[in-house]
Amino acid sequence: MSSSTQTTQALRPDRKKSRLHFDLLGLGIALVMVFPVYWLVISALRPNREIRSYDQTLWPTSITFDNFVRATEQPNFATAIQSSLIVAVTAVVGGMIIATLAALAIGRFRFFGRKALVLIMILVQMLPPTAMLIPIYAQLNAMGGIDEYWGLIVVYLVSTLPFATIMIRGFVVNIPVELEESAMVDGCTRFQAFRRVIFPLLAPGLAAASIFALVNAWNEYLFAYILINDNSKYTLNVWLMTFTTERGTDYGALMAASTMIALPVVVFFMIIQKKMAAGLTSGAVKG
Amino acid sequence: MSAADTKAAGPPVPVPPDPQAIRKSSPDDDAPRVQKRKRKKGELLPYFLILPAIVAIAAVYLYPLGKTVIMSFQDMGRRELWTGDPAPWVGFEQFTNILGDSEFWWVTFRTVVFMAICVTLTMGIGLLVALLMRKLSTWVRLVLTACLIAAWSMPLMVAASIFRFMADSDYGLINTLIAKVVGEDWLGHNWYLNPVQGFGIITLLVVWGAIPFVVVTLYAALTQVPQELEEAAALDGASAYGIYKFVTWPVIKPVFTMVATLSVIWDFNVFGQIWLLRGNKPEPEYETLGLYSYSKAFESTSFSQGTAIALITVLLLSGVAVYYLRQLMKTGEVE
């Protein structure tokens, strides 16, 4: 009832009754949306005899961590974590440096070709990845980049670059130029002005953009599958395939592994939600 | 951006619904800032700053795109790929072969129908849920938002694994539930024998995965609708539909079209969902344009055929992309 905008309506009794109907409907939708996530966690914790059953029940009768043990004992678990971390972190760090530079240029300077650059950045994101897949594969193959981390890193770095640039630009334009200028009047060099004045103000934007890029790289599947053939270099998403063999799928272990992969993403998402909201609101206030 | 990003990573421009942009008055308000920037015109610094970005984008997007065009006029197979021998030029042969193949037209038809159904469901349900969010008690809205974010944050491959398990013929929950209601016949039912049913499951996964982004974005747009206007219209005796049509819709329309356009692009390029639900070996009946291009390139090892199909896909989508860009320019996203 605390939604102030609805107060005039909330006074009327018939509105109150329909509010209850809406609430019930809202809870029903929430249930449907969250159900697959619930099923994931529940299945990961279920004993195998319940998972391999024709008669699935909505609640587990007992809880076990066997599935997690089986998942971690799957070949290449450790190397898959390692690969995912190496590729995602390197791509994000590199991407953020390049994106910040580009965002400063786009947000702070008016130069010939600026608008074209923004247009290209937006446009390339719409190219279907399968369209790029074959030429990128052919090119990396010619350069010896197949089965190498750097090939994947370059692809991820660039695929998050346009979004990161546009997002960071939003934060750049909200920092008054005067701040930078007065720092320079006070004797800072342009670089010092950036490092001491602009960078701290940019930090929340960088954090949000980098988490976004990290989730992006962490989740990517298609390029990881095509560019890496070496089992010991699989990223986590590709490694998920190993739970399916000729003899069938070990769903318990697959669900446990999926839970482990999803967990960091869920945490990152919780963080980014607030940061993004903060970024958007500050943008709205300053206009 | 890859198809696998359609959920978490997807939103390239998550349409920050800044009220100025929606009211379309930004050019004038921006004038003083523009003046300030103009003083710096002519410096070389901005070019140094954007150089790395340009090099990176050119290397991973623009150069391969150019190469796509070139490759599609050649005949590049496995031999040329591994030996580095120049591929022979074949002119328009790849295109005439593809366009003359009835399978290509079936795949295109399937892709378009699948995309249309997914987009309609996503946008329709998304809009209704976003409208509903405004009518909810605060705590229900928070619960719903939390559930949406939980669904949103599932990595694509994880989400696909969950749906594969739920629709499994032997141990799937869906079969168990239907069997309890309809009858035992449904135990062991294979959803993928009939592609229509199989695509039903795939659609479920795609729509479920896309709804959170649509709801959150549309709800953000809805908060920009001036409440006074809606209340005034209500006092004047306008019907709920009338208020929606003349007050609410015009404000959220730009954001709605933008999200719908993005959905078209993403759902046209669905890859990972079909790939994993079909156990990494999609049957021909499950091929959409992306998978078709992939299987031509990597399974038939005719890389040129694959790129030609990809190029046709890009051309098919370019109209949508141009529309999207025009929308962005209108709302002031591209200053």
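Biologist: Is B:Trp191 buried or exposed, and what is its relative accessible area?

Modeller: This is a predicted model, in which local features need pLDDT of at least 70, side-chain atom pairs count only at pLDDT 80 or more, and totals for chains, interfaces and linings use all residues. Residues are numbered from 1 along each chain as written, chains are lettered from A and ligands numbered from 1 in written order, and side-chain values use heavy atoms, without hydrogens and water. Buried means under 20% relative accessible area, exposed over 50% and partly exposed in between, with a 1.4 Å probe and protein chains only. B:Trp191 is therefore buried, at 13%.

Biologist: Which class does B:Trp186 fall into?

Modeller: The relative accessibility of B:Trp186 is 25%. B:Trp186 therefore counts as partly exposed.

Biologist: How many residues apart in sequence are the parts tied together by B:Phe163 and B:Trp208?

Modeller: Rings of Phe, Tyr and Trp (its six-membered ring) pair if their centres lie within 6.5 Å; planes under 30 degrees apart count as stacked, over 60 as edge-to-face and the rest as tilted. B:Phe163 and B:Trp208 form a tilted pair, 5.3 Å centre to centre with 50° between the planes. Helices here are DSSP runs (H or I, at least four residues), numbered from the N terminus. B:Phe163 lies in helix α9 of chain B and B:Trp208 in helix α11 of chain B, so the parts tied together are 45 residues apart.

Biologist: Over the ring of which residue does the charged end of B:Arg278 sit?

Modeller: The criterion is NZ of Lys or CZ of Arg within 6 Å of the ring centre and within 35 degrees of the ring normal. The charged end of B:Arg278 lies 5.4 Å from the centre of the ring of B:Tyr286.

How values were computed
Helices (H or I, at least four residues) and strands (E, at least two) are DSSP runs, numbered from the N terminus.
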